[in-house]
Amino acid sequence: MTQQGRSTSPVEAKAGETRTFTTNRGLQIEEPLIFEVGRNDVTGVDLPEPTSASSRLGDHARQTPIDLPGLSEPEAVRHYVRLSQKNYAIDAGLYPLGSCTMKHNPRLNEAMARLPGFADIHPLQPVDTVPGAIALIAELADWLMTTTGMAAVAMSPKAGAHGELCGMMTIKAALAARGDARSVVLVPESAHGTNPATAALLGYAVESIPARDDGTVDPEAVKSRLSADVAAIMLTNPNTSGLFERDVVAIADAVRDAGAYFYADGANFNAIVGKVKPGDLGVDAMHINLHKTFSTPHGGGGPGSGPVVLSERLAPFAPVPFVRTGADGPELVENADEAGGDHHPFGRLTAFQGQMGMFVRALAYMLSHGADGLRQASEDAVLNANYIRAGLRDLMSQPYGDRPCMHEVLFDDTFLKGTGVETLDFAKAMIDEGYHPMTMYFPLVAHGAMLIEPTESESKASLDLFIATMRELVMRAKRGEAERFRQAPTLAPRRRLDETKAARNPKLKWEKSEPWSEAAE
């Protein structure tokens, strides 16, 4: 990471360049903070003073102005439109974040989610008024169980990490039901950081499993750690190095023989949909990111959706609510005492049934593709990643050798040795070329990691331009243009931050230097 602070102001004009009075650069508008646009003594609407209104707040009533900026509607719209134009998005170009599956969000899905029968329902309205929504959840659940080869699914988790928590709570409930108090969870070094965090949150001690020289997990290393204290292993397949864990069945068998459970991180499921079913590999629980594999909107803080599929031996402990098929069709089970039979739900994760809008989008994606289309999407995702690998392998270094990858390709920083350019500098230079950087410094098993996942969304022309751009950047680094990389980005609305200072002394709140009334004068 850089240790030197750099300017974060708009790029200053260089010799021969035009300096503008407004600091705008053509259609790239320099946008101030919203507090600097509006004033708290004005408002964009005119409302009559309320008559005979009284407050029950008493001494708790605010005594000073709230200091929120007042803007007219044009000012507010322009402010947020201008900010949106500074963002990078999958609708703007290739988004190569590894292990994130930033694929295109089809507009058909959006149209389906906006149908009044789905968009206008409320989670508190009577169940008998939403049979269509319940039927949709049941159909989506069936698709998820079919594609994964699993016996049950919990639909309510709101994101991948939330799904991890759900899956591990289900495992903990299953162990408790048999009177087995185990205390350890095994996690490979290449795992997503949420895996050990989830295990630790539930009170488990986390033991790391090292990667072998080819970037995969050695079943013998797993067997050496298994004991009566091990509750589960949390394994990602394909792993975060973009490699398929070829010994996954042997690992699953060893874990099961030891009385433990196999939790699979489903973040990379997009690589294998229609090709292999996790249930056939011995998986007991796996979360599925609908906002990755099944194209629902991704990023911006949500809403995500992370359903968890479960094996037969974990199915009885799935949380409520869930949908099951009864004599009269799909029915919603809201409470644990309604589960009946051998069901022993561990409880409830969320107030309602999950992210309905994401359910609609995901099912629309599945139905529009069909089983063969989902399989082709996975095949194309793997093909695209290998196309990038083949186009860059002579200039960039692969930590585990020149071998086929799955849906994402991993490079390390060996190719930058002696150039004075680091992974961060290389990524910042990509911004000047109009690309969002790839995932950096992850997975931790590769030094200076650069993880690239193009998904199936990209055309050959798009990939060719990306490859050509990356090759040009590599050649610039090797030609000794280190300073150009260290100064990047120079064409973005803001320059590079001093990451060290930002981490140690973050400024998270805007503070005005003088009262609004004085500023207005």
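In which sense do strand 11 and strand 12 (residues 450–452) pair, and over how many bridges? We will get to that pair after a look around.

Welcome to the tour! This is a predicted model, in which local features need pLDDT of at least 70, side-chain atom pairs count only at pLDDT 80 or more, and totals for chains, interfaces and linings use all residues. Residues are numbered from 1 along each chain as its sequence is written, and side-chain values use heavy atoms, with hydrogens and water left out.

**Stop one: the whole protein.** The C-alpha atoms fill a box of roughly 75 × 75 × 45 Å along the principal axes.

**Stop two: the surface.** Of the 521 residues, 47% count as buried, meaning under 20% relative accessible area (1.4 Å probe, protein chains only).

Now select residues 409–411, 439–440 and 450–452. Here is an open sheet of three strands in the order 10-12-11, with antiparallel pairing. Strand 10 (409–411) and strand 11 (439–440) are the edge strands, each pairing on one side only. Back to our opening pair: strands 11 and 12 run antiparallel, joined over two bridges, where pairing requires at least two DSSP bridges between strands. Finally, pick Thr439 and find its bridge partner in strand 12, Leu451.

Note on methods
Buried < 20%, exposed > 50% of the residue type's maximum accessible area, 1.4 Å probe, protein only. Helix = DSSP H or I, 4+ residues; strand = E, 2+ residues; numbered from the N terminus.
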